[in-house]
Amino acid sequence: MIIWGSYVMNKELKTGEFYCPHCSNPRSFIHKLPRRWGHLYWIPLIPMDKYDSYIECQTCKKTYNEQVLDHDPRRDKAAAETNLSALIGQIMIHVAHAQKTELSAPSITMTIKDVLGLETLSPQAEETYAVPMDKNAMLDLVREHAGLLTAKGQEIVLVKSVGAIPLTPEVGRLVGEIGAAMGMTASHVNGVLADLAQNPAAPHLVEPALVPSQEQRATSA
Ligand SMILES: [Zn+2]
């Protein structure tokens, strides 16, 4: 009797580490390409149907399409940290310059960590404010990334950058431009500055400045 038929074999395309949405953790994966083979006496001889390749978590065995490899909350978080460090650091440098003061890099670092609620900043994040940008580049940066901050976070960045130094018209104008680049109205910015003028000693953080992650939004909704 001749034994023949077909079965599916998985070819391993690659292995690596990814963020498994089911495990909510970094896990190892195997990228598999299934293919049906015609066999004779169980020896695969004829390649038949091709299937879509998939990513398999080696812990929970759930499978995903390849796009899952693009989703990495750690990488997203690192990018947000770098972009927001640039935004806050560059705003602080420009406001200090308008105030005719100079800020040391460590004091900028301290404020950024405070605003973002971080213990440490990555070297990549610190590099983003080592060199002052020109004003238009700074405002472009603010337009691009201010959405990573909550409305309260945006106010805190303005307040922290102005600090306890009394407001001059020049500084007020600059802060108005920065606020507008964040999408704030002029009266909103003026309100923030008026609050600060009344209470210059304590421009401290009262709630997390970062926009909540999608997971947090989903659970609080
Ligand atoms: Zn998993």
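Which residue of strand 4 does K32 stand opposite? Colleagues, I shall answer that after a word on conventions.

What we have here is a predicted model, in which local features need pLDDT of at least 70, side-chain atom pairs count only at pLDDT 80 or more, and totals for chains, interfaces and linings use all residues. Residues are numbered from 1 along each chain as its sequence is written.

To the opening question: K32 stands opposite Y54 in strand 4. Strands here are DSSP runs of E with at least two residues, numbered from the N terminus. Two of them pair if DSSP finds at least two bridges between them.

With strand 4, residues 54-57, strand 2 pairs in the antiparallel sense over four bridges. Strand 1, residues 4-20, pairs with strand 2, residues 25-40, over 16 bridges, also antiparallel. Within strand 2, P26 is the bridge partner of Y19. These two strands form a hairpin with four residues between them, and S24 in that turn has a positive phi of about 55°.

Strand 2 also pairs with strand 3, residues 43-50, in the antiparallel sense over five bridges. There, L40 stands opposite I43 of strand 3. Two residues lie between the strands of this hairpin, where Y41 takes a positive phi near 55°.

Finally, the domains, whose bounds come from an automatic or database domain assignment. That assignment gives domain 1 as 4-70 and domain 2 as 73-212. Taken over C-alpha atoms, the centres of domain 1 and domain 2 are separated by 47 Å.
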